[in-house]
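Subject: Structure for your review

Dear colleague,

Please find the structure below, together with its sequence.

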Amino acid sequence: MGRALTRPDVSEASMWKNLWHTVQRSAPSLTPLSSQTELFLSLCFTLEVTPLFSRDKAKYVASRWYFHRAGRPTFQLLGLFLTSPVSYSAIFEDGGAMKKHGRVCGSRCLGPMTFLQEVKGQRVTICQGGHLASRDASYNMHGLVFISRPVKVKEKISVYIEGASSDGALHIGFTNHRPNANLIPPTAIPHLIETPGYCVVPVPAEVCQPGAYITFWLNHAKYALIQGTDGKTYYMNAKRLVNLNEPLYVFLDLFGSTSAVRLLCSRKGDRTSCPDPGHSSSGETKVEDQGLNKNLLSFRNNVQSDTRRLSREEPPSQTSVAPSCFSQQVSTQEPDQTKHMQTTTKKDLKKIPRSSMEEMDVTSLLREFQRNLSPSEFHVVVCWKRLLKSAIDALSKSNFSWTKTPHIEFVGELAFDCGGPRREFFRLLMMEVQGSLGIFEGKPGHLFFTYDQSALQQRKYEQAGKLVAWSIIHGGPGLKALDPCLYQLMCGQEVQLMEFDWHLIPDTDVQGKVQKILSCRTSAHLHTLQKELGDWICECGFPGIYGPNISIQDIPVVYSYIVRHYIYLRVSNMISQFTEGLNSYGRLWDMVKANWINFLPIFINMNEPISRASFRALFQINWNTEGTKKRQEEEETIYYWELVLKMIEDKKTELRFEELLTFITATDEIPALGFPQKPSINFYKPEGRGCRLPYASTCMMGLFLPRGVKSQAELNTMLLRAVRDSVGFGKA
């Protein structure tokens, strides 16, 4: 077999065919055929690099030959070979037929969900088909357990607290790191809470009671949410998570008095996790308490009804939301000497008012909001150099209608607007609103409103609000630039500003003043501050600076008042005019305010890069007929396309996924409402003379690649030239 692999005259197909026959001869007893398949694929993955084929190409050719033999689409699992860490025995059954998660459970199934037996704390026992995790009650630590598969964003996981005293404690965590049995700390807090790539959420004591049902999930705005039996929802910013486009793993820490947790199910919309056959068929695992079943049914119905209910109430007023966060102070002493003290902080876990509609997905909210849109069109003529003025003029026309679909015509462009010019227009318009209208200041991703009375009188803030609303309701991007603290204040949320980064304040004079405030360390410093900046601090809304009881301990409070005044209260009239503009159609801002967590990605920059996996999943490939020469050339092209995507992921090329997406679709991000149709990859015959570069149609969202590309370097160069040198809508 080794000699056959290195012979330069052997064809790719025959090479891997010989490898397959070698597996069959050496392991004839392996039945069913899936066992031979698994061994075959394992050999493919463990091959050393040969003079003829690279490791990546070995995987590709193996998949190409095998699926041709099995009568399956050649590239059905190409991405799996390159990216997926899952076991192939769970994917191939009966000679290559693909089954979701290793079993037939329907196209809407999320897959089975159990606790991971191989990765758990030292004192944890997992039984009942992997659905019950219990910790030795004589120890208060070493209780970490992981869920067996990655979960999806907004996949809601339900658990039942079986063993706990009246002051139960449970920590829920999300991470981008794969579970590793060699890297399990005694507790999640404090060992993981400061580790990048981990988010640890302490469950409030009132939620984590014996017999309680808890549902938790992570949304697209990077907020972890916890819902108890009573329906109250708590949230915490999962800012330490690396990337929502990467696999997302979940772990529980059975800490303190919580000793046993049962994993019930998960759901995302109308999709649910499939039951474990061994669990459902085992008499040991059946729940005999009918009252428990009734409570569970009631709990699930309550959650589902909350999800489907579209609130008609007014948005919550600017009342103080009672924060509640319970962190565990862990001692490194012996378990019987450990004292668990619950301390309340005011910056992490907070309660969501019951009037909030947070559980509604932002896509569902916007689609509900778009029901009144008309299929008729409103023509907008746009000049590239005066794009912002063109948009403002369109809004001021007498025949302007919010409900009509904008039909964009760029001066000098021949493109007919079937979606591409409109996406390009709104993308560029949001950039113009941020930088050219003169109503924002600050660093990218941390914009604040300017204090400009002239702009207020000219109603520029209202114009900005209308332009943002126009983009959002017609499938364009949002502002994606406001400072997160400012956005939460605008939505009536309580924000802890004591840790606000003063470097983000645009005014250098104000920066110098707040530096003086923060530098106070002694009573003498405070006395000097009163003399130099006392009147200014009073004007900012804190007359207590002259109070008889003021002390150094009050400096963080003084700082928070200054920040609140500067970024929010000082420009409240400007903000009010901006939100009036957003409310011009259908009270959009009221809906945003009532669902502020869901709309975070629309108004602030989440800094979420596009991953290779999410980029690849966007496209469908329009192949030629199987077995033709064109098909073979197309497969060669796609092979090198995959390698170029890997180069982008590894930052070994100047290309970026956002650039490619803009070239193909005229937008640098996946819209909140998704694309109207799936972007496609198509092929063309290369010219005999010269070099025809890849090209794209942004209206049909199609990329056209030449057949028979000879190397990844060639394709990378062609794509780079096409993207960087293109003029208009993706035409090189």
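A contact here means that heavy atoms lie within 4.5 Å. By that criterion, among contacts in the protein with a separation of 6 or more, 72% join residues 24 or more positions apart. Please note that this is a predicted model.

Overall composition. The protein has 732 residues, of which 51% count as buried. Its secondary structure consists of 23 helices and 26 strands.

In soluble globular proteins, nonpolar side chains tend to be buried together. The largest nonpolar core in this model holds 98 residues, and W470, Y487 and F603 touch the most other members. Helix α12, spanning residues 460-473, gives the most to this core, namely eight residues. Setting aside neighbours within four places in sequence, W470 is in contact with V380, A391, A394, L395, F400, W402, P406, F425 and F426. A second, separate core comprises 36 residues, including F115, L170, L248 and L263.

Cavities. A search of the whole structure gives four cavities of 30 Å³ or more. The second largest cavity has a volume of about 50 Å³. Its lining is formed by R423, G475, G476, P477, T667, E669 and P671. By class, this lining of the second largest cavity has two nonpolar, three polar and two charged residues.

With kind regards

Note on methods:
Residues are numbered from 1 along each chain as its sequence is written. This is a predicted model: local features need pLDDT of at least 70, side-chain atom pairs count only at pLDDT 80 or more; totals for chains, interfaces and linings use all residues. Side-chain values use heavy atoms; hydrogens and water are left out. Helices (H or I, at least four residues) and strands (E, at least two) are DSSP runs, numbered from the N terminus. Buried means under 20% relative accessible area, exposed over 50%, partly exposed in between (1.4 Å probe, protein chains only). On a 1 Å grid over the protein atoms alone, a cavity is a set of points where a 1.4 Å probe fits but cannot get out, and a pocket is an open set with protein on both sides within 12 Å along at least five of seven lines; lining residues have an atom within 4 Å of a point. Grid points are joined across faces, edges and corners, and a volume is the space filled by probe spheres set on the points. Ala, Val, Leu, Ile, Met, Phe, Trp, Tyr, Cys and Pro count as nonpolar, Asp, Glu, Lys and Arg as charged, and the others, Gly among them, as polar. A nonpolar core is a set of buried Ala, Val, Leu, Ile, Met, Phe, Trp, Tyr and Cys residues joined through side-chain atoms within 4.5 Å.
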